[in-house]
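Thanks for coming, everyone. I'll walk you through one structure today. Please take a moment to look at it first.

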Amino acid sequence: MPEINADKPLPDPILSLLVAADQCCPAIIGQAHLLYYSGVGINRDQAAKALTQLKKDADDLFKAIASVEAAINRGRL
């Protein structure tokens, strides 16, 4: 693992990725659980809403990952 320089702030894309992962991953897991348990009581509307939210949260995470990748490709990380 690389040594962390406390004097150098994290680049914006990395910070955005950390925030997105922190916010999206628990939500993605929660929505996946709702879909998993859809056979034991959740109705179709709830399952559809859970899937829509899961896709939105995953998209937010993929956008943050793409920003980091773009910064790496530009040589800014």
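Let's start with Val19, which lies in helix 1, residues 12–36. Keep in mind that this is a predicted model.

Together with Leu10, Leu15 and Leu18, Val19 forms a nonpolar patch on the surface. The accessible area of those four residues together is about 350 Å².

Now step back to the whole protein. What does the secondary structure come to? Two helices and zero strands. There are 77 residues, and 18% of them are buried. The accessible surface is about 6200 Å². Carbon and sulfur atoms account for 59% of that surface.

Next, helix 2. It runs over residues 44–73.

Look at both ends of helix 2. At the start, a side-chain oxygen of Asn43 comes within 3.0 Å of the backbone nitrogen of Asp45. Just after the helix, Gly75 has a positive phi of about 75 degrees.

Which residues of helix 2 are buried? Among them are Ala47, Ala50, Leu54, Asp57 and Ala58. Further along, Leu61, Ala64, Val68 and Ala71 are buried too. Watch the spacing as you read those numbers. An α-helix has 3.6 residues a turn, so residues three or four places apart point the same way. And what do the buried residues of helix 2 pack against? Helix 1.

The contacts give another view. Take those between residues at least 6 apart in sequence: 64% of them join residues at least 24 apart.

Last topic: charges. How many salt bridges does the structure hold? Two.

One joins the side chains of Asp60 and Lys56, at 3.1 Å from N to O. Both residues lie in helix 2, four residues apart, about one turn of the helix. Asp60 is partly exposed, at 29% relative accessible area. Lys56 is partly exposed as well, at 46%.

The other joins Asp59 and Lys63, at 3.2 Å from N to O. This pair is four residues apart in helix 2, so about one helical turn separates them. Asp59 counts as partly exposed, at 36% relative accessibility.

Definitions and conventions: Residues are numbered from 1 along each chain as its sequence is written. This is a predicted model: local features need pLDDT of at least 70, side-chain atom pairs count only at pLDDT 80 or more; totals for chains, interfaces and linings use all residues. Side-chain values use heavy atoms; hydrogens and water are left out. Patches are made of residues with over 30% relative accessible area and no salt bridge: like charges are joined within 9 Å, nonpolar side chains (Val, Leu, Ile, Met, Phe, Trp, Tyr) within 5 Å. Accessible areas come from the Shrake-Rupley method with a 1.4 Å probe; for residues, only the protein chains shown count as cover. The expected span of a helix is 1.5 Å times one less than its number of residues. Buried means under 20% relative accessible area, exposed over 50%, partly exposed in between (1.4 Å probe, protein chains only). Contact means heavy atoms within 4.5 Å. A polar contact is a pair of N or O atoms within 3.5 Å; within protein, one must be able to donate a hydrogen and the other to accept it, and residues adjacent in sequence count only if both atoms are side-chain atoms.
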